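This report describes one protein chain, going from its overall make-up to single residues. Please keep the sequence and the structure in view while reading.

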Amino acid sequence: MHKDAVHDSPLQGRVAVVTGAARGIGEALARRLSGAGMHVALLGREAQSLQDAAASLPNSTLCIEADVTDQHALDRAAEQVADRLGDATVVVANAGVAAGGPFRQTDADLWRRVIDVNLIGAANTARAFLPQLSRTRGYFLQIASTAAFGSAPMMSAYCASKAGAESFARALRGEVEPDGVAVGIAYVHWTGTDMISGMDDHPVLRALRAHQPWFARRVHSPDQVAEWLTAGITHRALHIYAPPWLRWCQPLRPLFPTVVTRVARRELRRMNSDELAVDLGVMGAGGRADWDAHTIEAQRSGPPQ
């Protein structure tokens, strides 16, 4: 970004918090916001990856290893941000994981973990930072997905969590508006993160993408998505579409569940249960890092007494 543009940016000198900032969209967004003149707090599960992401940022940063499903950890993170950087003006609930495979064959704890990170984690993030956003009359951005438009079989936890996160943000918006806090929702389509690196091996995702128009099949880079998000954050947009043409899909949303179900049903009928189970499990390196850390923590704590 040009120096004059940074100087004129309304984000200049303010504080941003990005969860899930160790890689993918979160890392790219942290870089964009720092380039716009913000002081950025990067929150995530992978300490070394957070440090690596922060190393090249031009403005002061803060790296905090925290699990968004742990409210106490996020409360402590909010205190650190206020002490080290100042009250947050922008908070982006970006942390997310995904798991693929038939619902009946998916480990119940893994299914619940996706909901916990993507939905409960977003609410925990808002709860921890809303006091700061109220003081700064700031902006809370919920990263949602086109998965909220039409739920895909074999992705039940992810789709449910993203639909829930969208609904949560809509409800929160009405509550905090009197405090001067704006709440935005970002709808993100195919993005080249490690979460979808094996997309072509996933039968339903592969079929859904194949049946989309050519422009809708395009996979955008995390940096391009971060650019769209940063533009929306700058304008405190209520809705951000990445890519922008998604805004024209909103009126068509009632049609999407039927279309998705029809395409998915045709694909699923071609495969037996053994073939479907091949794609069972956590998607992407970030998701695996979270799941591994969660599993280790659960083993240390032991069974409930």
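## Overall make-up

The protein chain contains 11 helices and nine strands. The model is a predicted one. Of the 305 residues in the chain, 52% are buried.

Contacts across the sequence can be described as well. Taking contacts between residues at least 6 apart in sequence, 73% join residues at least 24 apart.

## The seven-stranded sheet

Seven strands form an open sheet in the order E3-E2-E1-E4-E6-E7-E8, and their pairing is parallel. E3 and strand E8 (239-242) are the edge strands, each pairing on one side only. On average, neighbouring strands of this sheet are turned by 15° against each other, with direction ignored. Strands of a sheet pair through backbone hydrogen bonds, in a parallel or an antiparallel way.

H3 lies across E2 and E3 and runs at about 170° to E3. Helix H8 (residues 222-234) lies across E4, strand E6 (139-143), E7 and E8, and its direction is at about 165° to E8.

## Strand E7 and its partners

E7 pairs with E6 in the parallel sense over five bridges. Phe140 stands opposite Val183 in E7. E7 is also joined to E8 by four bridges, and these two strands run parallel. Tyr187 has Tyr241 in E8 as its bridge partner.

How many of the residues of E7 are buried? The count is seven of its seven residues, and the strand is mostly covered. Ala182, Gly184, Ala186 and Val188 point one way from E7, while Val183, Ile185 and Tyr187 point the other way; all are buried. In a regular strand, side chains alternate between the two faces of the sheet.

## Nonpolar cores

The largest nonpolar core has 44 residues. Those with the most contacts inside this core are Val17, Leu43, Val81, Phe129 and Phe140. At least two residues of the core come from each of strand E1 (15-19), strand E2 (39-44), strand E3 (61-65), helix H4 (71-84), strand E4 (90-93), helix H5 (108-136), helix H6 (156-176) and strand E7 (182-188). H5 gives the largest share, nine residues. A second, separate core has 34 residues, among them Ala28, Leu29, Leu42 and Tyr139. In soluble globular proteins, nonpolar side chains tend to be buried together.

Which residues does Val17 touch, leaving aside its neighbours within four places in sequence? Val17 is in contact with Ala41, Leu43, Val81, Ala88, Val90, Val91, Val92 and Phe129.

## Buried residues in loops

Glu46 sits in the loop between E2 and helix H3 (47-55). Glu46 counts as buried because its relative accessibility is 18%, which is under the 20% cut-off. The side chains of Glu46 and Arg23 are joined by a polar contact of 2.7 Å. Leaving aside neighbours within four places in sequence, Glu46 is in contact with Ala22, Arg23, Gly286 and Ala289.

Ala36 belongs to the loop between helix H2 (24-35) and E2. With 2% relative accessibility, Ala36 also counts as buried. Ala36 and Pro10 are 26 residues apart in sequence, and their C-alpha atoms are 8.8 Å apart in space.

## Backbone details in loops

Arg137 lies in the loop between H5 and E6. Its phi is near 50°, a positive value in a residue other than glycine. Is Arg137 buried or exposed? Arg137 counts as exposed because its relative accessibility is 51%, and the cut-off for exposed is over 50%.

Arg236 is in the loop between H8 and E8. Arg236 is not a glycine, yet its phi is positive, at about 50°. At 33% relative accessibility, Arg236 counts as partly exposed.

A cis peptide bond, with omega about 15°, joins Ala242 and Pro243. Pro243 is found in the loop between E8 and helix H9 (256-269).

Note on methods. Residues numbered from 1 in each chain as written. Predicted model: local features only at pLDDT ≥ 70, side-chain atom pairs only at ≥ 80, totals over all residues. Heavy atoms only, no water. Core = buried A, V, L, I, M, F, W, Y, C linked by side-chain atoms within 4.5 Å. Buried < 20%, exposed > 50% of the residue type's maximum accessible area, 1.4 Å probe, protein only. Contact = heavy atoms within 4.5 Å. Polar contact = N/O pair within 3.5 Å; in protein donor to acceptor, adjacent residues only side chain to side chain. Pairing = 2+ DSSP bridges. Axes fitted to C-alpha atoms, helices over the stretch in contact; angles between N-to-C directions.
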